[in-house]
Amino acid sequence: MEKTNRKKKIPFFVRKSTYFDYPCLFIVIFLCAVGILMVYSISSVNALYDYGNASYFAKRQLIFAGFGCIVMIVVSKINYKYYYKLARVAMAVSMLLVALVPLIGSEVNGSKRWIDLGFISFQPSEICKVGLVIYTAYICSRYPADLKNLETTALLFLIPIFTVGLIAISNLSTAIICAGIVVVIWAVATPKIVYLLIVGGVGAVGGTIFILTQQYRLGRIRAWLHPDVKGDGYQTMQSLYAIGSGGLFGKGLGQGYQKLGNIPEAHNDMIFAAICEELGIIGAAIIIFSFIVLIWRLKLIAEGAPDRFSALLAVGIIAHISLQATVNISVVTNVIPNTGVPLPFISYGGTSMVFLLAEMGIALGVSRHIVPISKRQGKGVIEAV
């Protein structure tokens with residue numbers, strides 16, 4: 001009989017799985033539901049005035065979340081090994097879309113961050129976050145030995161660094177999140193702590209240069225250090241007023257005052273301030289706690305992942321969600337200078353919502369490959385239940 005050396009074909013969809021992280025799924029759905037509710041409560045008055053429909057933004061957010069959940073479930077059934085095969089394609093597409101923004105991007109609120117195709121508009125930077133997670137996990141799992149050498153490490157990360165630089169031209173805050181994703185995955189994968197210190201120093205210098213070259217960024221630094229309700233610190237001060245006036249239990253849904261034009265587009269990046277005003281410290285604490293539990297569940301998925309690549313995928317998703325949530329809440333509370341970063345799953349926005357849920361689909365897909373403790377045979381996989 002003739003022998004064949006054909007490799008076993010990897011199924012595209014995972015048909016049977018011994019585990020699925022339902023707690024992670026339920027937390028994501030809860031955060032999306034809270035986001036839709038708060039978008040309606042915060043935007044209803046302005047939506048009625050501008051569009052004649054109080055639920056205009058809430059309905060759109062519901063559509064985004066519904067479509068995103070469908071994407072999440074479908075993606076969760078895809079075998080994660082295909083992301084390894086398509087990592088370079090994902091990065092190439094991400095780079096191309098980001099490079100097109102300065103050329104054909106449409107300007108919204110003074111910033112050119114969108115590509116408008118007429119029937120739909122989207123932010124390439126949100127797509128790029130997913131591409132960076134997949135590609136960085138790919139190079140760190142395919143070339144683990146090369147991470148021990150600084151020169152080869154620099155070559156491996158040349159494409160992610162260049163991509164982050166492209167994003168920084170028009171959107172420094174998103175570039176910081178993207179850089180954080182790359183660094184966190186690399187930090188988990190590399191044994192060389194000194195390299196992290198070098199990269200941290202280079203990043204600090206690069207960030208300083210970007211800030212000094214734009215006057216409006218310097219203005220945000222000054223507003224952070226010396227907030228003034230009549231100057232660049234207007235949005236920050238109104239945000240702090242909203243947080244302070246909410247007290248412990250808040251004023252109640254729909255009863256907030258700062259959303260009525262004092263905080264511009266409060267249903268977007270500054271939604272956490274409006275939440276604090278209407279739901280109080282208790283409501284804000286529940287949301288923060290939900291993010292903590294979500295990160296914990298993702299950590300368990302990373303620990304129980306079957307191989308290095310799938311574990312680093314989960315690590316990248318942890319980095320994205322934790323960094324973005326931390327930056328958003330820190331901006332609202334004036335811990336760091338004002339910058340435009342949405343609160344994951346809660347702030348209004350279609351591109352962010354859909355691709356965040358797609359990322360969660362990747363993480364849930366990895367969870368399908370976790371072996372339950374009752375079926376393990378000394379493989380040393382950390383329990384994830």
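The largest cavity has a volume of about 90 Å³, a volume being the space filled by probe spheres set on grid points that are joined across faces, edges and corners. On a 1 Å grid over the protein atoms alone, a cavity is a set of points where a 1.4 Å probe fits but cannot get out, whereas a pocket is an open set with protein on both sides within 12 Å along at least five of seven lines; lining residues have an atom within 4 Å of a point. The structure holds one cavity of 30 Å³ or more. Among the residues lining the largest cavity are Val98, Lys112, Arg113, Pro124 and Leu166.

This is a predicted model, in which local features need pLDDT of at least 70 and side-chain atom pairs count only at pLDDT 80 or more, while totals for chains, interfaces and linings use all residues. Residues are numbered from 1 along each chain as its sequence is written, and side-chain values use heavy atoms, with hydrogens and water left out.

The second largest pocket holds about 950 Å³ of space. Of its 28 lining residues, Ile161, Ala179, Val199, Val202 and Gly203 are the closest to the centre. Helices H6 (150-156), H7 (158-170), H8 (172-189) and H9 (193-212) each give two or more residues to this lining, and H9 supplies the largest share, eleven residues. Helices (H or I, at least four residues) and strands (E, at least two) are DSSP runs, numbered from the N terminus. The table divides both linings by class, with Ala, Val, Leu, Ile, Met, Phe, Trp, Tyr, Cys and Pro as nonpolar, Asp, Glu, Lys and Arg as charged, and the others, Gly among them, as polar.

| Space | Lining residues by class |
|---|---|
| Largest cavity | six nonpolar residues, three polar residues, two charged residues |
| Second largest pocket | 20 nonpolar residues, eight polar residues, no charged residues |
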